[in-house]
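Let's take a walk through this model, starting with a helix pair and ending in the core. Have the viewer open as you read.

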Amino acid sequence: MTDASVSSDSMRLRAADAGDEQLFLIWRNDPLTVENSGNSQSVSPEEHGAWFHAALADPDRLLFVA
């Protein structure tokens, strides 16, 4: 993956990195996200961490923060 980012005056898109783990966990366990996801349960920090680091290491998956 490249280091490129996309930005404008109103939005910036960048690749997620290990420092975003807590942010993704907060988003994942947000009540509205849980309600509208295929899994109606919150996930533990340990379960999320395993998924998040595997996703970052997977060359076939891209995670972004906008």
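Predicted model: local features only at pLDDT ≥ 70, side-chain atom pairs only at ≥ 80, totals over all residues.

Residues are numbered from 1 along each chain as its sequence is written, and side-chain values use heavy atoms, leaving out hydrogens and water.

Start with helix H1 (residues 21–28) and helix H3 (residues 45–57), which pack at about 120 degrees with axes 10 Å apart. Helices here are DSSP runs of H or I, at least four residues, numbered from the N terminus; axes are lines fitted to C-alpha atoms over the stretch in contact, with angles from 0 to 180 degrees between N-to-C directions.

Who touches whom? On the H1 side, Glu21, Phe24 and Leu25 meet Pro45, His48, Gly49, Phe52 and His53 of H3, contact meaning heavy atoms within 4.5 Å.

Now zoom in on His48, which sits in helix H3. His48 is buried, at 4% relative accessible area (buried is under 20%, exposed over 50%, partly exposed in between, with a 1.4 Å probe and protein chains only). Beyond neighbours within four places in sequence, His48 contacts Glu21, Phe24, Leu25 and Val43.

Phe24 and Phe52 also belong to the largest nonpolar core, along with Ala16, Ala55, Leu63 and Val65. Such a core is a set of buried Ala, Val, Leu, Ile, Met, Phe, Trp, Tyr and Cys residues joined through side-chain atoms within 4.5 Å.

Definitions and conventions. Helix = DSSP H or I, 4+ residues; strand = E, 2+ residues; numbered from the N terminus.
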